[in-house]
Structures are given as C-alpha cells and as structure tokens.
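Here is a short briefing to read alongside the coordinates.

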Amino acid sequence: GSSPATTSEEDTLFHCGLVAVKSGDKWGYMDKTAKYVINPQFDDAYSFADNGLAAVETGGKYGYIDKDGKYVVNPQFDYAYSFADNGLALVQTGDKYGFIDKTGSYVIKPQFDGAYDFTGNGLAEVKVGDKYGFIDKTGKFVINPQFDHVDSFADNGLAAVESDDKYGFI
C-alpha cells in the first residue's frame with residue numbers, strides 16, 4: 001500500500017470530513033476510516049462545500065444533500081455546482097444559468113447563457129448571447145457583457161479580456 005495521506009492531503013480530499021467515492025456505477029461518501037457514511041446511491045457526486053452541502057445527481061437531476069445524506073435541496077436542476085465561499089451555488093436549468101442559496105431559492109434567476117462561480121473579488125463571469133461580462137452577488141452587472149472572452153479576475157485585481165481579436169486587461 002501507499003503511505004498514509006498527510007494532513008494537507010486529507011484536507012484536500014476530505015471536505016467536511018467526507019470524500020466522494022464511486023462503487024460500481026454509484027457514488028457515496030466515506031469518512032477518513034474508509035467507512036461509508038452515505039451509501040453509494042447517486043449517479044454523480046461532488047465534494048462537500050464549507051456550508052456542509054454537496055451537489056449530487058439522481059435520475060438526471062441535481063440537488064444538494066447534507067452530511068447525513070438527506071436532501072436539503074431536492075433534485076431539480078439540469079446541472080449543479082458546489083457552493084462558493086459567498087454561499088451561492090451555480091445551477092443550470094434548461095439552457096440558462098443562475099445562482100441559488102443553501103435553501104435552494106434563486107438569488108439570481110436563471111437568465112445567463114453561460115456562467116462561472118464567483119471569485120474572491122465578489123464577481124462572477126457570465127455570458128449573454130455571445131458576449132461576456134461580470135455580475136455581483138445580487139445579479140447586477142458591474143461590467144456589461146461586451147467581451148468575446150474573459151478570464152476570471154486574478155488576485156492582482158485584473159482580468160484578461162478579448163474583444164475583436166484584441167487582448168487586454170480590465
């Protein structure tokens with residue numbers, strides 16, 4: 001066998017003390033003793049976020065469970081992502097993207113043609129038609145959709161953008 005994981009490796013793998021594990025064609029969650037805490041029953045499963053919820057798929061729809069394996073947000077989304085540090089999760093309904101809180105209520109209704117999680121600066125990159133811009137956590141545009149491509153803001157406060165085959169930073 002391999003050497004035991006170090007604390008930092010364990011922290012990376014075991015979010016909220018649990019890790020998603022696939023058995024056959026189903027996903028469940030094990031604790032650090034390799035014991036199933038939530039038996040394999042999901043078609044897809046993501047790591048637990050700091051708020052104690054994890055996105056899982058059942059029957060083609062995504063919802064969120066707590067560490068007991070109970071649904072906190074019933075499966076209803078076509079795709080769901082892990083909760084970000086700001087307490088919002090990106091979800092897809094049909095071909096539109098929006099953001100929910102931990103109760104499953106929309107904070108930002110599905111209205112974008114593409115979206116990415118909020119970053120440390122509190123902005124999320126969204127696509128409207130074929131242009132990209134940035135919104136704040138209320139859904140208000142801080143930077144209107146005007147770019148052909150954007151990267152998320154880096155720690156230095158800049159984001160790379162492309163418009164009409166020209167590149168720059170905002």
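A salt bridge here is a side-chain nitrogen of Lys or Arg within 4 Å of a carboxyl oxygen of Asp or Glu. By that rule K26 and D43 are a salt bridge, with their closest N and O atoms 2.5 Å apart. Please keep in mind that this is a predicted model. Its mean pLDDT is 89, and 92% of the residues reach 70 or more.

**Confidence**

- Residues 1-11 have pLDDT under 50, and the model gives them three contacts beyond four places in sequence.
- Where pLDDT is low, the predicted coordinates should not be read in detail.

**Salt bridges**

- The structure holds four salt bridges, and three of them are described here, starting with K26 and D43.
- K26 sits in strand β2 (residues 26-30) and D43 in the loop between β3 (36-42) and β4 (44-45), so this pair ties together parts that are 17 residues apart in sequence.
- Both partners are partly exposed: K26 has a relative accessible area of 28%, and D43 has 29%.
- D78 and K61 meet through their side chains in another salt bridge, at 2.6 Å from N to O.
- Because D78 is in the loop between β7 and β8 while K61 is in strand β6, the pair ties together parts that are 17 residues apart in sequence.
- D78 is partly exposed at 30%, and K61 is partly exposed at 32% relative accessibility.
- D113 forms a salt bridge with K96, and their closest N and O atoms are 2.6 Å apart.
- This pair links distant parts of the chain, with D113 in the loop between β11 (106-112) and β12 (114-118) and K96 in strand β10 (residues 96-100), 17 residues apart.
- D113 counts as partly exposed at 30% relative accessibility, and K96 is partly exposed at 28%.

- D66 lies in the loop between β6 (61-65) and β7 (71-77).
- Side chains of opposite charge can pair when their charged atoms come close.
- A polar atom of the D66 side chain lies 2.9 Å from the backbone nitrogen of D68.
- Beyond four places in sequence, D66 is in contact with I38, F48, G52, L53 and V72.

**F48, a contact of D66**

- F48 is in the loop between β4 and β5 (54-58), and at 2% relative accessibility it counts as buried.
- Outside four places in sequence, F48 touches H15, C16, L18, Y29, I38, L53, A54, I65, D66 and K67.
- The C-alpha atoms of F48 and G17 are separated by 8.8 Å, although the two residues are 31 apart along the chain.

**Nonpolar cores**

- The largest nonpolar core has 12 residues, including L53, Y64, F77, F83 and I100.
- At least two residues of this core come from each of β6, β7, β8 (79-83) and β9 (89-93).
- Another core, of 11 residues, lies apart from it and has Y97, F99, V126 and I135 among its members.
- Setting aside residues up to four places away in sequence, F83 touches A49, N51, L53, Y64, L88, A89, I100, D101 and K102.

Technical notes. Residues are numbered from 1 along each chain as its sequence is written. This is a predicted model: local features need pLDDT of at least 70, side-chain atom pairs count only at pLDDT 80 or more; totals for chains, interfaces and linings use all residues. Side-chain values use heavy atoms; hydrogens and water are left out. Helices (H or I, at least four residues) and strands (E, at least two) are DSSP runs, numbered from the N terminus. A polar contact is a pair of N or O atoms within 3.5 Å; within protein, one must be able to donate a hydrogen and the other to accept it, and residues adjacent in sequence count only if both atoms are side-chain atoms. Contact means heavy atoms within 4.5 Å. A nonpolar core is a set of buried Ala, Val, Leu, Ile, Met, Phe, Trp, Tyr and Cys residues joined through side-chain atoms within 4.5 Å. Buried means under 20% relative accessible area, exposed over 50%, partly exposed in between (1.4 Å probe, protein chains only). pLDDT is the predictor's confidence in each residue, from 0 to 100.
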